[in-house]
Amino acid sequence: MKLENNDTFAITWKAEKYDQQRIFRKGLWDDKCKQWISKQGHKLLTYFDLDAQNYRTAKNYSIIYDVENERTS
């Protein structure tokens with residue numbers, strides 16, 4: 001999925017900080033956000049956390065829902 005400015009989405013990952021507990025967050029993509037691969041080969045995403053109102057980085061994440069492209073019947 002290619003994220004663009006003002007896209008909102010949900011993201012999930014297993015957080016090492018919380019003993020591999022699965023974390024779910026609502027995110028916003030903007031100019032400060034980025035996706036990259038670490039030197040250790042981990043997939044990383046820096047995004048704006050809408051609940052915490054701050055930037056976060058998720059490792060080996062999955063984007064599970066794209067709010068902007070939601071279709072209603």
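Author: From the N terminus on, the elements run β-β-β-β-β-β. This is a predicted model, where local features need pLDDT of at least 70 and side-chain atom pairs count only at pLDDT 80 or more, while totals for chains, interfaces and linings use all residues. Residues are numbered from 1 along each chain as its sequence is written, and side-chain values use heavy atoms, with hydrogens and water left out.

Reader: What makes a stretch count as one of the helices or strands of the protein?

Author: Both are DSSP runs numbered from the N terminus: helices are H or I with at least four residues, and strands are E with at least two. By that rule the protein has six strands and zero helices.

Reader: Why is Ala10 called buried?

Author: Buried means under 20% relative accessible area, exposed means over 50%, and partly exposed lies in between (1.4 Å probe, protein chains only). Ala10 has 16% relative accessibility, so it counts as buried. You will find Ala10 in strand β1. Across the protein, buried residues make up 34% of the 73 residues.

Reader: What makes a group of residues a nonpolar core?

Author: The members must be buried Ala, Val, Leu, Ile, Met, Phe, Trp, Tyr or Cys residues, joined through side-chain atoms within 4.5 Å. The largest such core here has 12 residues, among them Leu3, Phe9, Trp29 and Leu45. Strands β1 and β4 each supply at least two residues of this core, and β1 gives the largest share, four residues. In soluble globular proteins, nonpolar side chains tend to be buried together.

Reader: Which residues is Leu3 in contact with, leaving aside its neighbours within four places in sequence?

Author: Contact means heavy atoms within 4.5 Å. With those neighbours set aside, Leu3 touches Phe9, Trp29, Leu45 and Ile63 in this sense.

Reader: Which residues of the lining are closest to the centre of the largest pocket?

Author: A pocket is an open set of points on a 1 Å grid over the protein atoms alone, where a 1.4 Å probe fits, with protein on both sides within 12 Å along at least five of seven lines; lining residues have an atom within 4 Å of a point. About 310 Å³ of space lies in the largest one. Its lining has 16 residues, and the closest to its centre are Trp13, Ala15, Lys17, Tyr18 and Thr57. The largest share of that lining, four residues, comes from β5.

Notes
Grid points are joined across faces, edges and corners, and a volume is the space filled by probe spheres set on the points.
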